[in-house]
Amino acid sequence: MKQGYSPGNKTIKNTPPEAPEKTGDDPTNVDHPWEDDNQAWWDWYLTLADNNSEYSTDHVDLPNDVAVTPADNDTVAMALAEPYPLSSGQIADFRANGYVKLPDVLSPPLVSRLRLAIRTYLEDRFKVSLDGGVTARFLSAEMAWLDDPALRAFTLSPRIAGIAAALIGADAVRLYHDNLLSKEPGSGRTPWHYDDHHFPLATDQVLTAWIPAQPIPRAMGPLAFAKPINVWQLVKDVPFDKTNTSYDRRVAEIFRKQNVAVEDGPFAMGEVSFHHNLSFHTAGPNRTTHSRMVLANTFYADGARLVDRPTMVSGDWQKFLPGVAPGGLAASPLNPVCWPQANMTGKDENHG
């Protein structure tokens, strides 16, 4: 495999930051596994975000959108197999800043189909009604591609995975996991972080495709990125506390003092962002009456290995890499090669 884009040059991964070798109630000790499910992880994680008066809590009523007829399954499959015309400038922007926002990755009918699929899945999973039926929660479900054909098409899409491979300079990319994310009305901020803390992969050829299932105005809490990519070095020594908002507040303070640029603009219909595992990012509160639904797919370069010591910040990683031991090759049956398309050999091999 050719040498890909790996700007971090780090030798220790997934220890946010410098977790000490301690036990008991030490709030900085994360050197142990997560012992609950994925939703409990998100319920905990959002308690680490600072929601002070700096962030507006004014309620915003969104105008009623013109309904877009969802695309049928055949249209979805054909569109998601088409290559995206990625430019050299967009690749350069990603590698300099750690993220790129790409317009028109999905057509409005595809976005509408994605939203319908996410809504149906989450409403069934949590027995709630979205877009106002549940408030002040951040709902999440992972591995939905195993259960739902429409979500499988979006998750294993050669169009999306091909963009990912080009951005990180990999000959082939595997899926780490999908993630259905619905930030409900009244839900607060997502704390400042970078995904290097969360993905127990011993490589920096990792990125996440963040695929909104509707336009996202600022009031709905779009993803916001600090740039350039190396700003993580400014905060690498900030102690991570698993019990309060101190990490989030300290990172925000350092970024302000260092005049770090932050891209927090809205997402248009069909716009998709791709962010590197070293990209520091956050997201604002959802101050609207609508659920902010997103599909987030994480890809990594084929040939990567698992880190030697996953931590609680990796969440339920054994579910995403079943049968892979720490230090082992990250290539379970639940991590199919999504690009190049020729490596996708169908349901029996990739997911049973």
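Helices (H or I, at least four residues) and strands (E, at least two) are DSSP runs, numbered from the N terminus. By that count, the secondary structure of this chain comes to nine helices and 11 strands. What you have above is a predicted model, in which local features need pLDDT of at least 70 and side-chain atom pairs count only at pLDDT 80 or more, while totals for chains, interfaces and linings use all residues. Residues are numbered from 1 along each chain as its sequence is written, and side-chain values use heavy atoms, with hydrogens and water left out.

Let's begin with confidence. The pLDDT (the predictor's confidence in each residue, from 0 to 100) averages 88 over the chain, and 88% of the residues score at least 70. Over residues 9-23 pLDDT stays under 50, and the model has 42 contacts beyond four places in sequence for them, a contact being heavy atoms within 4.5 Å. Residues 343-352 also stay under 50, with 18 such contacts.

Now for the chain as a whole. Of its 352 residues, 56% count as buried, where buried means under 20% relative accessible area, exposed over 50%, and partly exposed in between (1.4 Å probe, protein chains only). Among contacts between residues at least 6 apart in sequence, 85% join residues at least 24 apart.

From Thr 120 to Asp 148 is 28 residues in sequence and 10.0 Å in space, C-alpha to C-alpha. After the helix comes Lys 127, with a positive phi near 55 degrees.

Strand 8 (residues 272-276) is mostly covered, with five of its five residues buried. On one side sit Val 272, Phe 274 and His 276, and on the other Ser 273 and His 275, all of them buried. Strand 1 (residues 99-102) runs antiparallel to strand 8 and is joined to it by four bridges, with Val 100 opposite Phe 274. Four bridges also join strand 5 to strand 8, again antiparallel, and here Trp 210 stands opposite Ser 273.

Finally, turn to an open sheet of four strands, in the order 4-9-6-7 with antiparallel pairing; two strands pair if DSSP finds at least two bridges between them. Strand 4 (190-193) and strand 7 (261-263) stand at the edges with a single partner strand each, so one side of each is left without a neighbour in the sheet. The twist averages 20 degrees from one strand to the next. Strand 4 pairs with strand 9 (residues 281-283) over two bridges, and Thr 190 stands opposite Ala 283. Helix 7 (residues 246-257) packs on the sheet, touching strand 4 and strand 6 (223-227), and its direction makes about 60 degrees with that of strand 4. Axes are lines fitted to C-alpha atoms, for helices over the stretch in contact, and angles run from 0 to 180 degrees between N-to-C directions.
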